[in-house]
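Here is a short briefing to read alongside the model. Keep the 3D view open and follow the topics one by one.

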Amino acid sequence: MYIFKTVSDLQQYLHTQKKQAKRIGFVPTMGALHRGHLNLVERAFDDSDVVVCSIFVNPTQFGEANDLDNYPRPIESDIQKLEQLGCTVLFLPAVSEMYPKDLVSPSVDLKGLDSSMEGAHRPGHFAGVVQVILRFLEILQPDFLYMGQKDYQQFAVIKYVLHLLQLKTQLVCVPIVREEDGLAMSSRNIRLSPAGRQRARLISQMLFKAKEYAATKSLEEVKKYALTFLDQHQLEVDYFTIIDGDSLENIDSFDKATTVTACTTVRIDGVRLLDNIILRESI
Ligand code: AMP
């Protein structure tokens, strides 16, 4: 695996690959890699010849400096995992490489996609995400960009931006990878106490059941079931919402959207656990 730390080294390498008509796939991450991340890299090889994974803890998407400082950075084991998987390139830029002093980042009006759900709890977060992804796309100009359904709102925001700016990169949404008991994999899960880890399975349990109900019941009934479940188990809920999967607007009936997604964030042991499920998708 090649490891590049500078934009120019990476671009020089990609230039040669593109001249040979190699398709470039890109997987952006913040490291502390688990099977969810690695699955994105594996998925990328389905349509890409060269897979570039980045590890960059983007300061502009963090609200509190504390969170940024405490973000786990087990770089040696991350490198090992990517090597084992046969990832082609690891891009490991410093902040100064991503955001040189004279860089002007485009500002994009996200039309409210960034104000609900995670956006309501983390002001400025999605502006930071858009900034870093656009910078990466400018550097790499990849054919494919792979992002996890796990961060559903992030995926929807980037989908919107790619469309708005008419960028040629194709966005691929990769399904959520879960632990055996259903908990969505996340680098935050290790911060749960043993008891909290046990309770964390309730989140996906609720979502799976909601999907089952969605096959036969009204959206109102599904929502009632979910909220009652969360309440009965005394879970601390930041939000539970059923949305149009594209506009991210709340909906009250299944026929109001092509994709209907239930999104939630629950706090256990003070850890914010994000999860979602696509309830219905009409093609
Ligand atoms: P992060 O390092 O948290 O920024 O995540 C990098 C990418 O991995 C994002 O596109 C996430 O949505 C994706 N990802 C994180 N956890 C999972 C998971 N459990 N299943 C699928 N994708 C995931």
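Predicted model: local features only at pLDDT ≥ 70, side-chain atom pairs only at ≥ 80, totals over all residues.

Residues are numbered from 1 along each chain as its sequence is written, and side-chain values use heavy atoms, with hydrogens and water left out.

- His37 sits in helix α2, which spans residues 35-44; helices (H or I, at least four residues) and strands (E, at least two) are DSSP runs numbered from the N terminus.
- With 15% relative accessibility, His37 counts as buried; the cut-offs are under 20% relative accessible area for buried, over 50% for exposed, and in between for partly exposed (1.4 Å probe, protein chains only).
- Leaving aside neighbours within four places in sequence, His37 is in contact with Thr29, Gly31 and Ala32, where contact means heavy atoms within 4.5 Å.

**The annotated binding-site residues**

- Under "binding site", the unreviewed UniProt entry lists Gln61 and Gln154. Although these are spread over 94 residues of sequence, they cluster in space, with a largest C-alpha distance of 11.4 Å.
- Gln61 lies in the loop between β3 and α3 (65-70) and is buried, its relative accessible area being 9%.
- Not counting residues up to four places away in sequence, Gln61 touches Met30, Arg122, His125, Gly128, Val129 and Val132.
- The side chain of Gln61 also makes a polar contact with the side chain of Asn58, at 3.0 Å. A polar contact is a pair of N or O atoms within 3.5 Å; within protein, one must be able to donate a hydrogen and the other to accept it, and residues adjacent in sequence count only if both atoms are side-chain atoms.
- Gln154 is found in helix α8 and is buried, with a relative accessible area of 18%.
- Apart from its neighbours within four places in sequence, Gln154 is in contact with Phe126, Val129 and Met147.

- Asp78, Ile79 and Leu82 are the buried residues of helix α4 (residues 75-85). They lie on the same side of α4 because they cover an arc of only 100° around the axis, the arc being that of the directions from the helix axis to the C-beta atoms.
- On the other side of α4, Glu76, Gln80 and Gln84 are exposed.
- The buried residues of α4 pack against β1 (2-4), α2, β3 (50-55) and β4 (89-91).
- Gly86 follows α4 and has a positive phi, near 80°.

**Cysteines**

- A disulfide is a covalent bond between the sulfur atoms of two cysteines. The structure holds 0 disulfides, counted as pairs of cysteine sulfur atoms within 2.5 Å.
- Cys87 is buried at 3% relative accessibility; the closest cysteine sulfur to its own is in Cys53, 5.2 Å away and so too far for a bond.
- Cys263 is buried too, with a relative accessible area of 4%, and its sulfur is 11 Å from the closest cysteine sulfur, in Cys173, too far for a bond.

**Positive phi outside glycine**

- Gln166, a residue other than glycine, has a positive phi near 55°. Gln166 lies in the loop between α8 (152-164) and β6 (170-174) and counts as exposed at 60% relative accessibility.
- Asp269, also a residue other than glycine, has a positive phi near 55°. The loop between β8 (259-268) and β9 (271-281) holds Asp269, which is partly exposed at 44% relative accessibility.

Note on methods: UniProt positions renumbered as here; feature names shortened; annotations may be inferred.
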